[in-house]
Structures are given as structure tokens and as C-alpha cells.
Amino acid sequence: MIQRKKHNNVLPGFGPSLGFTIFYLSVIVLIPLSALVFRAAGLTWGEFIDTVTAPRVLASYKVTFGSAIIAACINSVFGVIVAWVLVRYRFPGRRIVDALVDLPFALPTAVAGITLATIYSPNGWIGKILEPHGIKIAFTPLGIILAMTFIGLPFVVRTVQPVIEEIEVELEEAAVCLGANRLQTILRVIVPLLLPSVITGFALSFARGVGEYGSIIFIAGNMPMVSEITPLLIITKLEQFDYRGATAIACVMLLASFSMLLVINLLQRWTRRFAE
Amino acid sequence: MSIEIEHVHKQFGTFAALNDVSLTIPSGELVALLGPSGSGKTTLLRIIAGLESSDGGRILFNGTDTTESHVRERKVGFVFQHYALFRHMTVFENVAFGLRVRPRATRPSNSEIKAKVTELLRLVQLEVLAERYPAQLSGGQRQRIALARALAVEPQVLLLDEPFGALDAQVRAELRRWLRKLHDEIHITSVFVTHDQEEALEVADRIVVMNKGKIEQSGTPDQVYEHPANPFVLNFLGDVNLFHGRILQANGHVDTGENAVSYVRSHDIEIERTPLDSTALQAVVKHIQKLGPSVRVTLDIAGNNDFVEAELTRDVFHNLGLQHGERVYVRPRQVRVFVEDYQI
């Protein structure tokens, strides 16, 4: 609702702040993105469809979105556990662990990619252990999931952490007094309260995974049709001066990401219906 | 169901939260654990519930030792100070929770659950709010829902931890009258923790006064108010004035000449214009404070520079027509004298 009354808020009014928001989003987000669409509009409809549905491109969508969803799922489970431990337990080195969680935010993605590739390659520290069991991570699609998990972890931990802090121990005690066992307390009391924040964390982690480039190209092996991600394909097109093709693929990615995030947001709102 | 607490001890690091506490709560009584913060009253309540384990001693429910049994098996209803309602569930689902988590064999059918919950919501007079979420309720309503939720599992004992502590004064007064009425209807053995003496005096059948991990006195509200066992209980149950003195005439229990302290409740102090007898003390009116139905007068006992507070009804105050700085006579109506915690 548009506010009519004056001087009923401490902060500057609705008008100036909305104006600023629209201007700011336009400069930072909307204008660059619409330039992208304009560039792609240079193609005819047929050319556009051909470009974005080429088999190699389709395979890359599958690798990118599939890996990002799997990585976000992994993060949603383990990120919640990490957040739970950090909030609920006091142990020596807790602050250090807490700081470690943010490291994937700060580390240059190329560094992360090279490090992961080194450790998980068949002669790396961890790869050496896995190799005899027939598990190869570096230079396979598994490597993509690993890199996406690495860079997405802080998103889940940092969105879930404050929500766990708000869940009073008394809620668990109340559930136990009422006869609930441990599993019932978790499923009926804790999970529903955490769910909205877990979904937000999932969405952020997923979005980050879809957009990731730097760390993945070092560990993925980048085999066309198998372990080639869409962002890499776009770069390849750019290097071949196929600007229109690159922007066409980018448009598809943009649309797919936006609609998935929209769905996740609606889902998140539904799980929080009790707070309204 | 009766509760027996035998020599319970609880230690938090170097701090003894409960020190050899023994207490018997007869079946069907509403008992108040009264004491200042840090007196161990909440710890005792949580040990009865099984939410906290004791370091020594036993808890018996109806003569059966429950010390080792899990919270889930004790069948206690627990009401928390800050309600602890499940905010993602409607009022109905909150109350139904205890029934829904039962093992399949003993779980009531959906229609039975509906009937039970509706009955409980009627008991707490909140049927119309069944489909609301806790966030949409007032504090008093939330606490009533919390109570209905605790009663849904048909507990043998109801334990309330400062149930009205987070509510404003008017709602608090209303709810405690309601709790008393509810208890008269369902007669469940109930223990509630409070630091508000007025609340304990109004609601409880029996008051257990606690201090520093020990029970100072246990008795009916009249007993603890009229016959406090020691200066702590006297002090805690109402405003008192202290007069330091010396025993002039011994009565066998104490020696003449020993130091003693006499305690007079502020509403037991009478103010007069002319001294009736030799027990009246001369004083100067220092301060007058009107507190709704009563008036608090601060007096300076002449020569002693000891301040004494008297509480008068508005009528008495108006009849006297006291003025600031006026010289008057003060006479204690009822004096309790303690020599080192021993009352004469």
C-alpha cells in the first residue's frame, strides 16, 4: 500500500527509497541484462532455436543445472548439520570453524578449483585413496558437483544459522514432555521451523552453482557432452567471436535460473505461512 | 497423585542449586514454590519434571521411584514461562500434538482427537481461536493454549514455571484467578514456581518458601504469612520494618541483654497524633506516596535516624490528614522478635 500519511516513519519515506531502489536495480541489474537480450535479438527465431538446442548445448544445460541441484541438496543437508553444531554446541576452536565456513566466499574461485583438482586428482591426497575403489572425482562430472558444493556451502550455513539460534531449547523440552520421541521432535518441531531458511539457502547455493565458472573449469575436465558446463560454452563461443550465439545461450540460462528461483521463492513463502 | 522429594541435591559447578531438599506434595494440591531468583525453585521444578537430573536424592510419584525414568514416561504437563508454543502449528495442532505423537497402538482416531482438543479449548475458553497461529494471539491467550496443550496428554502432575511472569499486571491477575478456578474443577496435583508473593498467597493451597537452595518454610498461605519461621520468610512475604534492640526481660529461651531484631509489617504500623501508651515512638513524616488504594508514609523515628515505612488505607490517611514534616507518634500493632533467627 502506498503511504499517504507524512512523518509516521523514522527512516526517509517510501517515495525516495522506492525511486532509489528502481534506479539502482536498473543500473546494476536490469540494463546489463536487457542489453544481453537485445544482443541475442540479432538472431532470427530459427537461428536462435538452433543455437540453444544444439546437442552439445543441451548436454551442457543438463550438466550445469543437474550438478547445481545435486550440490544444493548436499549443502542443504550438511550445511544444516554444520550450522546446528555451530549454534548448539560449545567446543574449542568453534570460532575458527565458524570463520572457515566463510572461506569459499573469499577465496578466488580459480584457486579453489586448482586446489580441489590437485587434491582429488588420481595422485592427489584424497584422490589417491578413492582411485583404487574406482571412484574418480577430478575431471569427471563428480568434480563439478564437488566444486559447486564447495562454493555453495556458506550460503546454506549462513541462512540457517540465525534461524537455529531462534529455536529455543524449550520447544524441544515441550515436545518431549508431551511424549514425542527424538525423531518426532526433529520431524514435527525442528524441521518445519528450519524449512523456510533451508529453502532460501538451497536457492542461493543453487544459483551460485549455476553461475560458477572459475573453479569448475579446473576440475571438470571439460569434455563436450559429458562434463562441459554452460558458462564454459558461452566463453568458447565468445572466443570464436560468435557473440550472438553466446548471448542466445546466456538468455536461456537467465530465463531458466530466474524461473527456478521464482518457484523456490514461492515455495519458501508457503512454508512460512505461519509467520504472517 | 502425590509427589515426594527426598534429599534432592543439585550442583552447578561450585554452586549448590539445591541443598538436601525434602518435600511432600499431597495429591490434588496446588503448591507454590516461592523464592527470589537463584533460590533453586525452577531447578527443583525441572528435576520433578525430569528435564534436569539431580546429583543425589529421589523423586517419588505416588510412592514409585521415578528418579531414573525419562521425561516421556513421567506423564507430567509442563508449562513454560515463555509459552514454548510451536509457532508453525495452529492452536488446534498445538493442543493435539501430545495425542498425535503417541505410538500407533494408543493413538486416538482423528475424530477422537478433534473432540478432545475442542473440549480442552472450551476449558480454556478459546475455542474460536482454533485455526489461528500462536503469533496472532496475545500473551494471556498463548499461556492458556500452552496449558491446554499440557493437559491434553492427561498428565498426572502439572508443573508451571513462572507461568504468568511474561504477562502484564492486569492479565496476570486475571489468569491467576482463572488458574485457581481451573484447579478447583480438575484437581490435578500442580506445582508452580513464582517469585511474586502476592501470586503465591492468592493462588496456592500451600506455599513452599525457598532460599539459596533450601526450603525455609512450607505451609498454608495463612501459616507462612501469620507465623513466618524466620526473618527471611517474613521479609519475603511483604514489606517489613526492622527495629534493632536488646532483650530486657528473658523468657527462658534467650538471655537478658542479648541483641534482638524486631520486625513490623508496614501495614501493622499505626500513626497517632497523641501517644496512647509508652510503646509509642515519636517520629517525623518525611515522605508521602499515594499508591492507589493505599498510602505509604515514610517516617523518621526521632533520634534514631531510622526510616520506617507505614502503609495506611486511604480512609485512615484522610482522617488523620497527615502533613509533610509533621510530628506524630508511631505504634507497632504486631511485633515479631527474632534473636539470631529464633522467634520469641
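**Exercise 1.** Which residues in α6(A) meet which residues in α8(A)?

*Solution.* The model is predicted, so to speak of local features a pLDDT of at least 70 is needed, side-chain atom pairs count only at pLDDT 80 or more, and totals for chains, interfaces and linings use all residues. Residues are numbered from 1 along each chain as its sequence is written, chains are lettered from A and ligands numbered from 1 in the order in which they are written, and side-chain values use heavy atoms, with hydrogens and water left out.

Step 1: on the α6(A) side stand A:A112, A:L116 and A:Y120, and they meet A:L146, A:A147 and A:F150 of α8(A), contact being heavy atoms within 4.5 Å.

Step 2: these contact residues divide into 6 nonpolar, no polar and no charged (Ala, Val, Leu, Ile, Met, Phe, Trp, Tyr, Cys and Pro count as nonpolar, Asp, Glu, Lys and Arg as charged, and the others, Gly among them, as polar).

Step 3: helix α6 (residues 109-120) and helix α8 (residues 141-166) of chain A pack at an angle of about 130°, with their axes 11 Å apart, which makes α6(A) oblique to α8(A).

**Exercise 2.** Describe how α3(B) and α5(B) pack.

*Solution.* Step 1: between helix α3 (residues 91-100) and helix α5 (residues 139-152) of chain B the angle is about 25°, and the axes lie 7 Å apart (axes are lines fitted to C-alpha atoms, for helices over the stretch in contact, and angles run from 0 to 180 degrees between N-to-C directions).

Step 2: α3(B) and α5(B) are therefore roughly parallel to each other, given that angles under 35 degrees count as roughly parallel, over 145 as roughly antiparallel, 65 to 115 as roughly perpendicular and the rest as oblique.

Step 3: B:V91, B:N94, B:V95 and B:L99 of α3(B) meet B:I145, B:A148, B:R149 and B:A152 of α5(B), and the residues of this contact divide into 6 nonpolar, 1 polar and 1 charged.

**Exercise 3.** State which helix gives the most to the lining of the largest pocket, and characterise that lining.

*Solution.* Step 1: α10(A) gives the most, with 10 residues, while α3 (55-88), α9 (169-177) and α10 (182-211) of chain A and α2 (71-74) of chain B each supply at least two residues.

Step 2: the residues of the lining of the largest pocket divide into 18 nonpolar, 5 polar and 5 charged.

Step 3: for the lining of the second largest pocket, by contrast, the residues divide into 5 nonpolar, 5 polar and 5 charged, and α7(B) gives the most, with 3 residues.

Methods:
Helices (H or I, at least four residues) and strands (E, at least two) are DSSP runs, numbered from the N terminus.
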